[in-house]
Amino acid sequence: MNSETDLFAKCQTFKDAKRVQAAGVYPFFRPIEATCGSGVISHGQRRVMIGSNNYLGLTHHPRVIAAAKAAIDHYGTGCTGSRFLNGNLVLHEQLEQELASFLGREACLVFSTGFAANLGSISCLVGRKDVIYCDRENHASIMDSTQLAIGDTIKFRHNDMVDLERLLGSTRQKYQGALIVADGVFSMSGDIFKLPAAVALAKKHQCRLYIDDAHALGVMGPKGQGTESHFNMLGAADLVMGTFSKSFASIGGYAAGSAEVIHYIKHKARSFIFSAAMPPAAAATALECLRIAREDPSRHARLWSNARRMNQELCQMGYNTLDSCTPIIPLVIGNDDTAFQFAQNLYDMSVFATPIVRPAVRECGALIRTSYMATHSDEELEYALNTLHLLGKNFGIIGKRSGQQNPAA
Ligand SMILES: Cc1ncc(COP(=O)(O)O)c(C=O)c1O
């Protein structure tokens, strides 16, 4: 086969990752040998983890671990089939009921991942004559959902309600149904979707509103109920989805809304019907995390005091954090190569965080995505701050600070 007819030819010419590997600064797929949540052992060395989504630090909570083990003892390790046919556990339904009640919704449907929840829900709701209005910085799973849905997609400028209104004004009348879709908290920049304005626009232009609360569940609002509760608007969106792969220390996703809509998704979403069910230990983990989040507000409080401290200190140092006001705090570095080098130096100094480069961000918008958790100790945060200060200075990104001692060592 020659290179024009060989489907695999692109694999030979794909050199991007190899170039970064050859430079010795490849930051992806770092093997983790052990973890306690806020710290990991990688390449034999303990490092402070400021690059995970374990916001409430529940991955190692004794109650969560016990619940996961009990579920394995009771149900075994896997469901070996779709919930639709042979894998529907009482545990899945318990999780759905408690989560629906926590989110102030009539019903909830649990998927095997958040990615599958977006793919299945959006693609089954949006028909040929319908349209999706999609924020340009929505998560990849939403972008893929818009490709799977048979209706049109119109993208609006990131979190720009003036642009959304302009597009609604010029295009809405061409379509039957319409769905406005956005992340509640944007996964890279950490900013919060302008929900109140979007709710008003949805109402004015007869659209349904869909919020992806992957980074908001357990985090936003006084009780961690999500973006709506942050704005004191619980129930304002027509559908909310989320994932258990972040605050809820597991894997799996959900969509929550009215009983009628959830019933429809349950019987139409192909990523739900034709994919194996969330394993018992994962479902039990998510359920126990939900109960802990409900019963113990101290974790949520500690998460926010850590996030506020980091935000304040990083801004004072002179980092551009894109005005984040959530536990996701991006540090704008500039070009991709500098971000790779910066992340490698961080790693060498025992701090684990990854760079985000094109195409996930714009040209010269490469950043280090940092994120914080309830279980970070003051010493770990101090160490991360000192390291970030030293490197920021060395790379010419910020001003001065001194002193180094790794509490994780
Ligand atoms: C905003 C957002 N939506 C959806 C997902 C997908 O969730 P999951 O990891 O459960 O597939 C993610 C995960 O990174 C996310 O950040």
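This is a predicted model: local features need pLDDT of at least 70, side-chain atom pairs count only at pLDDT 80 or more; totals for chains, interfaces and linings use all residues.

Student: Okay, and which side chain has an N or O atom 2.7 Å from an oxygen atom of the ligand?
Tutor: That is the side chain of H215. The side chain of K246 also brings in an N or O atom, at 2.9 Å from a ligand oxygen.

Student: How much of the ligand does the protein cover?
Tutor: On its own, the ligand has 390 Å² of accessible area, and the protein covers 85% of that.

Student: Where does the ligand sit, then?
Tutor: In the largest pocket. There, 15 residues surround the ligand, and the closest are G114, D212, H215, T243 and K246.

Student: What are the shell residues like: nonpolar, polar or charged?
Tutor: Ten are polar, three are charged and two are nonpolar.

Student: And which helix gives the most to that shell?
Tutor: Helix α5, covering residues 114–125, with three residues.

Student: Switching to strands: what order do the four strands of the open sheet come in?
Tutor: They go β1-β2-β3-β12, with mixed pairing. β1 (32–35) and β12 (351–352) each have a single partner strand, so they stand at the edges and one side of each has no neighbour in the sheet.

Student: How many bridges join β3 to β12?
Tutor: Two, and these strands run parallel. β3 spans residues 45–49, and V48 stands opposite V351 in β12.

Student: New topic! Which residues does a cis peptide bond join?
Tutor: R358 and P359, with an omega of about 5°. P359 is in the loop between β13 (354–356) and β14 (366–371).

Student: And what is the phi of T80?
Tutor: T80 has a positive phi of about 50°, although it is not a glycine. You'll find T80 in the loop between α3 (62–75) and α4 (90–102).

Student: Why point those two out?
Tutor: Because most peptide bonds are trans, and most residues other than glycine have a negative phi.

Notes
Residues are numbered from 1 along each chain as its sequence is written. Side-chain values use heavy atoms; hydrogens and water are left out. A residue is near a molecule or strand if one of its heavy atoms lies within 4 Å of it. A polar contact is a pair of N or O atoms within 3.5 Å; within protein, one must be able to donate a hydrogen and the other to accept it, and residues adjacent in sequence count only if both atoms are side-chain atoms. Accessible areas come from the Shrake-Rupley method with a 1.4 Å probe; for residues, only the protein chains shown count as cover. On a 1 Å grid over the protein atoms alone, a cavity is a set of points where a 1.4 Å probe fits but cannot get out, and a pocket is an open set with protein on both sides within 12 Å along at least five of seven lines; lining residues have an atom within 4 Å of a point. A molecule sits in a cavity or pocket if more than half of its atoms lie within 2 Å of its grid points. Ala, Val, Leu, Ile, Met, Phe, Trp, Tyr, Cys and Pro count as nonpolar, Asp, Glu, Lys and Arg as charged, and the others, Gly among them, as polar. Two strands pair if DSSP finds at least two bridges between them.
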